[in-house]
Amino acid sequence: MRKPLIAANWKMYKTPAEAAAFVQAFDLLVAHHHHADIVLFPSASSLAAVVGTPRSKHIQIGGQDMHWLNEGAYTGATSPLMLKAIGCTHVLIGHSERRQYFNETDTTVNLKLKSALAHDLIPIVCIGEHLNERESDLTAKVLELQVAVALEGIDPTTAHSMIFAYEPVWAIGTGRTATPATAEQAHKLIRGQIAASLTPAIAASTRILYGGSVRPENAATLCCLEDIDGALVGGASLDPNSFAEIIIQSKG
Ligand code: PGA
């Protein structure tokens with residue numbers, strides 16, 4: 001019922017020419033693998049190049065962040081209208097690097113989520129605990145709070161497209177991954193909080209991706225379990241062969 005989604009977060013890597021070259025190579029590798037939806041998240045300056053490169057229909061494009069307002073005096077920011085106009089269908093919201101380096105909070109995540117849903121952009125809301133929180137047994141509390149605040153005031157009837165990504169901060173870019181059992185447990189908890197905040201039906205249909213050091217070697221065991229509906233991939237998504245192999249491995 002929940003189609004897997006595998007997403008590439010390129011962060012601050014790739015010029016427009018490099019991004020376009022990736023799409024050309026990658027498209028050939030995954031053109032016949034339709035078991036998963038695929039979304040590429042280039043940096044804002046490469047969006048036009050990626051959108052303008054011919055590719056299979058199941059490869060969609062999203063922004064790594066956006067402001068919640070349509071326009072205004074916010075130097076450096078990109079609005080939902082701009083993402084839509086350039087051809088984006090998705091947007092990442094609240095990635096831990098945005099939280100850590102750019103003052104993103106659960107409250108701004110909530111504003112951005114409402115804005116994305118209002119503009120028909122498919123949001124991927126990123127949440128996850130820090131290592132010290134996990135070691136202090138606070139994981140459940142942290143995740144429940146992040147989900148609850150993100151969903152405050154969201155009308156369930158508008159939330160069908162919404163996606164979450166569970167990315168334990170200690171697993172991002174570190175080579176450490178959650179075990180499948182640890183990830184499953186977190187995903188169940190997140191689904192439970194979505195049910196409590198919105199409705200059980202929305203919780204059951206919401207895709208929850210795992211992120212944090214996903215690679216071709218661990219994709220088969222981490223990407224698609226009972227409550228894990230795909231992956232958000234950073235480092236291993238920068239190379240077309242490696243990212244295509246993750247797509248192929250996610251078939252199970
Ligand atoms: P990583 O990044 O795969 O390099 O750990 C994941 C992410 O930041 O989304």
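**Entry 1: helix 1**

I started with helix 1, which has 15 residues and runs 21 Å from its first C-alpha to its last, close to the 21 Å expected at 1.5 Å a residue. A reminder to myself: this is a predicted model.

Next I looked up which residues of helix 1 are buried, and I found Ala19, Ala20, Phe22, Val23, Phe26, Asp27 and Val30. Looking down the axis of helix 1, I see these buried residues fall within an arc of 155°, so they line one face of the helix. Turned away from that buried side, I noted the exposed residues Ala17, Gln24 and Leu28.

What do the buried residues of helix 1 pack against? I wrote down strand 2 (37–41), helix 2 (47–51), strand 3 (59–63) and helix 11 (240–249).

**Entry 2: aromatic rings**

I then went through the rings and got four aromatic pairs in the structure. Trp10 and Phe22 make an edge-to-face pair, with 4.6 Å centre to centre and 65° between the planes. I checked where the two sit: Trp10 is in the loop between strand 1 (5–9) and helix 1 (16–30), while Phe22 is in helix 1, twelve residues apart, so I logged this as a pair linking distant parts of the chain. Both Trp10 and Phe22 are buried.

Phe22 turns up again, this time with Phe26, in a tilted pair at 5.2 Å centre to centre and 35° between the planes. Why are Phe22 and Phe26 separated by about one helical turn? Because they are four residues apart in helix 1. I have both Phe22 and Phe26 down as buried.

Putting the ring pairs together, I get a cluster of Trp10, Phe22, Phe26 and Phe243.

**Entry 3: charges over rings**

I also looked for charged side chains over rings. The charged end of Lys14 sits over the ring of Trp10, 5.3 Å from its centre. Elsewhere I found Arg98 over the face of Phe102, 3.9 Å from the ring centre.

**Entry 4: the whole chain**

Along the principal axes, the C-alpha trace spans about 45 × 45 × 35 Å.

How much of the chain is buried? I noted 54% of the 252 residues. For contacts between residues at least 6 apart in sequence, I found that 72% join residues at least 24 apart.

Notes
Residues are numbered from 1 along each chain as its sequence is written. This is a predicted model: local features need pLDDT of at least 70, side-chain atom pairs count only at pLDDT 80 or more; totals for chains, interfaces and linings use all residues. Side-chain values use heavy atoms; hydrogens and water are left out. Rings of Phe, Tyr and Trp (its six-membered ring) pair if their centres lie within 6.5 Å; planes under 30 degrees apart count as stacked, over 60 as edge-to-face and the rest as tilted. Buried means under 20% relative accessible area, exposed over 50%, partly exposed in between (1.4 Å probe, protein chains only). A charge sits over a ring if NZ of Lys or CZ of Arg is within 6 Å of the ring centre and within 35 degrees of the ring normal. The expected span of a helix is 1.5 Å times one less than its number of residues. The arc is that of the directions from the helix axis to the C-beta atoms. Contact means heavy atoms within 4.5 Å.
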